[in-house]
Amino acid sequence: MGEATVFTPGGSALRPHHRTILVFDVEGSTRRTDMAKARLRQTMYRLLDEALLAGGITPAHYDPPSDRGDGALVLVHPVAQAPKTALLNQVLPRLGELLAEQDAEHGFRLRVALHAGEVNYDEQGCFGESVDIAFRLLDAPEVKRRLRTTGAPMILVVSPVIYQSVIRHGYEGIDPAAFKPLRQVQVAGIRHRGWVHLPDGSGSRTARLRRLSATA
């Protein structure tokens, strides 16, 4: 966890650390056998590593991924080598390409959420409102529904922080018009509007991916 301060109950005060928060979840994983899940997890982490490296982001730039069974949480450090633009215009597009290249028998699709904010640590790992917001966006029913109705290999939902600070400015390789507003989700009594992007990938693969989603 790098320089993160560990909180000890009854001891030192919390000291939050800014992180870019990347979370993802495999669609329909609960309908797979344990053997299939084992293969899926191995592939999932391999594709994640390859996609991050495609954007020049190495393990030195993020905390070890926190496993979520059929997904993971990645906390990227605020360093020059890992800007949010690299995640949006290099890492996530590459992840979508890798997912689309999987064969129908062993392939899978992902819901992905991107947020940024303050994160706390204790002996059990990371926590905080920013993490809660990322997962609430990831699990929004509308995000799941939109993925079900498309042949794209993944769906990306970003928080207002990411949309306002990065996407709307139209940096190279990022098209603001490709992001559509999502119904608001609520965390701690505050409503947060996400923005959804379906990467290219429907095309000729639509029928195959829809069959994959239906049988996963």
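A salt bridge is a side-chain nitrogen of Lys or Arg within 4 Å of a carboxyl oxygen of Asp or Glu. The structure shown here is a predicted model, in which local features need pLDDT of at least 70 and side-chain atom pairs count only at pLDDT 80 or more, while totals for chains, interfaces and linings use all residues. Residues are numbered from 1 along each chain as its sequence is written, and side-chain values use heavy atoms, with hydrogens and water left out.

By the salt-bridge rule, the count comes to 9. One of these joins arginine 109 to glutamate 27, with 2.9 Å between the closest N and O atoms. The two residues are 82 residues apart, and the pair links distant parts of the chain: arginine 109 sits in the loop between helix H2 (84-100) and strand S5 (110-122), glutamate 27 in the loop between strand S2 (17-26) and helix H1 (34-54). Helices (H or I, at least four residues) and strands (E, at least two) are DSSP runs, numbered from the N terminus.

How far are these partners covered? Buried means under 20% relative accessible area, exposed means over 50%, and partly exposed lies in between (1.4 Å probe, protein chains only). Arginine 109 has a relative accessible area of 1% and is buried. Glutamate 27, at 11%, is buried too.

A second salt bridge runs between aspartate 67 and arginine 41, whose closest N and O atoms are 2.9 Å apart. Aspartate 67 lies in strand S3 (residues 66-67) and arginine 41 in helix H1, so this pair ties together parts that are 26 residues apart in sequence. Aspartate 67 is partly exposed, at 39% relative accessibility, and arginine 41 is partly exposed at 28%.

Another pair lies within a helix. Glutamate 97 forms a salt bridge with arginine 94, and the closest N and O atoms are 3.1 Å apart. Because they are 3 residues apart in helix H2, about one helical turn separates them. An α-helix has 3.6 residues a turn, so residues three or four places apart point the same way. Glutamate 97 is partly exposed at 43% relative accessibility, and arginine 94 is partly exposed at 22%. Salt bridges with shared partners join Glu50, Arg94, Glu97 and Glu101 into one network.

Helix H4 (residues 141-148) shows how burial can be arranged around a helix. In H4, Glu142, Val143, Arg146 and Leu147 are buried. These residues cover an arc of only 135 degrees around the axis, which puts them on the same side of H4; the arc is that of the directions from the helix axis to the C-beta atoms. Pro141 and Arg148, on the other side of H4, are exposed.
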